[in-house]
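Please keep the sequence and the coordinates open while reading.

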Amino acid sequence: MSKPHYDREHHVKKATGIGDPQCFKGEAGTARFKVGDKVRVRDLPDIFYNRCQVYTRGAPATVVELVYESPPAEDEAWDNCDNPEWFYSVVFKQKDLWSDYPDTFANDTLETELPERWLEPA
Amino acid sequence: MAEKHKPAPMVDEVSDFEILEVAVRELAIEKGLFSIEDHRRWTEYMHTLGPAPAAHLVAKAWLDPEYRKLAVKDGVKASLDVGIDWINSMPTNFGTPSDYCNLRVLEDTPKLKHVVVCTLCSCYPRPILGQSPEWYRTPNYRRRLVRWPRQVLAEFGLQIPEDVEIRVEDSNQKSRFIVLPVRPEGTEGWSEDQLAEIVTRDCLIGVALPTPGVTVNTERPVHPAVNPLQHDH
Amino acid sequence: MTSKDPDTGQTLPDLDTSPIKLLEKVRREGRVWDELSEQYGVDNPDPPWRLSLESTCDALNGGYWKTSDLCASKDDRPREVDECKLDALERRSEEDVLATDLYADVPFPERQLLALAHSMIRRGLLNEEELARRMKEVDQRLNMA
């Protein structure tokens with residue numbers, strides 16, 4: 001079953017010559033989190049399409065960068081581009097993601113990007 | 001006596017796979033799934049892509065501290081200096097649907113080593129790095145790198161000291177990544193071209209370190225997985 | 001029968017991974033680039049159709065101004081956005097499943113090509129019989145002395 005065939009003309013008009021995600025700049029409003037904040041990945045129900053990896057759910061992380069504003073992939077898949085969110089680059093300690101990660105490599109980390117809806121203050 | 005120029009070897013037969021590719025494409029065009037012009041535009045664009053611009057971005061950053069700062073702060077702007085326009089290239093003029101327009105350059109330090117993966121689907125910075133290698137696309141690499149990065153890097157011949165932080169970058173959204181490795185010793189006085197030559201595609205993904213004298217990607221060793229894929233999430 | 005993606009937990013689209021006769025024939029009888037390049041001593045790591053295949057995958061995804069409309073000014077006539085016929089992420093997800101199950105022993109990019117043809121046939125974008133007929137025709141055309 002493929003995604004619904006929706007009219008993409010609005011997006012193409014909006015983004016041509018400007019870029020994606022650049023075309024959403026200024027639309028997400030005030031960012032909830034700032035660099036340095038401690039956050040936790042929420043475990044939202046996975047009924048529909050999402051791009052939040054299962055291995056991050058419930059794990060603590062630190063915000064390292066506010067990367068761009070964009071509709072989350074979860075909304076874009078259904079042509080809902082009305083509510084762009086801030087996207088954050090967050091860093092996890094590997095030890096917090098995998099319980100059997102060797103202590104010898106305690107410094108190892110993993111970084112990924114997540115939209116605001118997937119994060120809550122830790 | 002004039003020397004006869006030996007023609008380059010060519011494959012002198014047509015395989016069923018080649019036939020299948022043509023047949024799929026022709027039928028798709030006839031059924032209006034895409035136009036012949038669109039396909040041509042994409043193919044022309046694809047032919048322009050390769051790892052050289054990314055290698056030059058790194059070489060420039062090694063030579064010029066101000067450019068290094070720009071590269072880390074604004075990868076899209078820095079790409080323009082190596083001839084890559086993430087936004088205005090054809091065929092779309094707003095970035096390709098798979099690659100978007102947000103290059104982030106990950107700066108390694110002596111205490112921090114980056115390596116890139118896309119666990120969800122194998123997203124890759126094609127506009128500046130070309131087509132991704134086969135191993136990058138496999139579930140084998142994608143699932144194992146996030147969990148056992150040191151084992152996977154060891155399979156590529158890379159041993160990283162335990163006090164150095166390995167940071168796996170899981171490229172799951174609109175950003176695309178290249179690694180800016182630490183400039184190796186033994187390259188003092190080198191030109192940009194000489195430096196770019198040792199920044200291979202594998203160095204830019206983060207599974208290799210630039211080394212004087214090494215200008216090719218190594219063959220990926222085929223190891224049976226030490227920790228095989230487990231669907232235990 | 002649906003399954004969950006182990007990485008995101010999302011429900012994966014149904015994909016019929018049962019073998020398709022035509023593609024099984026290609027798989028059995030087709031000569032892969034690894035073999036051909038070795039036999040003929042050709043250095044190029046990729047077959048000549050590799051980039052064309054990538055372009056087909058991107059063109060199927062659509063989502064941008066049709067190239068035939070690119071030159072038309074905005075005031076002239078309405079421009080058309082190329083529709084998405086086969087979403088790239090869905091295609092990749094199906095390719096992953098097919099690569100692990102059905103086409104595991106086929107080298108890449110032959111595997112990518114078989115997976116694409118498989119997805120297109122199962123989705124009704126292409127028909128197995130007409131693909132077989134077209135292949136015969138292309139074979140004759142390409143092998144004409």
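Over which residues of chain B does pLDDT stay under 50?

## Confidence

The stretch is residues 224-233 of chain B, for which the model has 13 contacts beyond four places in sequence. Here pLDDT is the predictor's confidence in each residue, from 0 to 100, and two residues are in contact if their C-beta atoms, placed from the backbone, lie within 7 Å. Where pLDDT is low, the predicted coordinates should not be read in detail. Chain B as a whole has a mean pLDDT of 91, with 92% of its residues at 70 or more.

This is a predicted model, in which local features need pLDDT of at least 70 and side-chain atom pairs count only at pLDDT 80 or more, while totals for chains, interfaces and linings use all residues. Residues are numbered from 1 along each chain as its sequence is written, and chains are lettered from A and ligands numbered from 1 in the order in which they are written.

## The sheet

An open sheet of 7 strands runs in the order β5(A)-β1(A)-β2(A)-β3(A)-β4(A)-β3(B)-β2(B), with mixed pairing. The edges are β5 (119-121) of chain A and β2 of chain B; each has a single partner strand, so one side of each is left without a neighbour in the sheet. Neighbouring strands are turned by 35° against each other on average, direction ignored. Helix α8 (residues 139-147) of chain B packs on the sheet and touches β4 of chain A as well as β2 and β3 of chain B, its direction making about 150° with that of β2(B). Axes are lines fitted to C-alpha atoms, for helices over the stretch in contact, and angles run from 0 to 180 degrees between N-to-C directions.

Helices (H or I, at least four residues) and strands (E, at least two) are DSSP runs, numbered from the N terminus. Two strands pair if DSSP finds at least two bridges between them.

## Strand pairs

Strand β3 (residues 165-170) of chain B pairs in the parallel sense with β4 (residues 109-115) of chain A over 4 bridges, and A:L110 has B:V168 as its bridge partner. β3(B) also runs parallel to β2 (residues 112-117) of chain B, joined by 6 bridges; there B:H114 is partnered by B:R167. Of the 6 residues of β3(B), 5 are buried (20 or more other C-beta atoms within 10 Å of a residue's own; 12 or fewer is exposed, in between is partly exposed; C-beta atoms are placed from the backbone).

In chain A, β1 (residues 38-41) and β2 (residues 60-70) are antiparallel and joined by 3 bridges. A:V39 stands opposite A:A61.

## B:W190

B:W190 is in the loop between β4 (175-180) and α10 (192-198) of chain B. With 17 other C-beta atoms within 10 Å, B:W190 is partly exposed. Its C-alpha atom is separated by 9.2 Å from that of B:L63, 127 residues apart along the chain.
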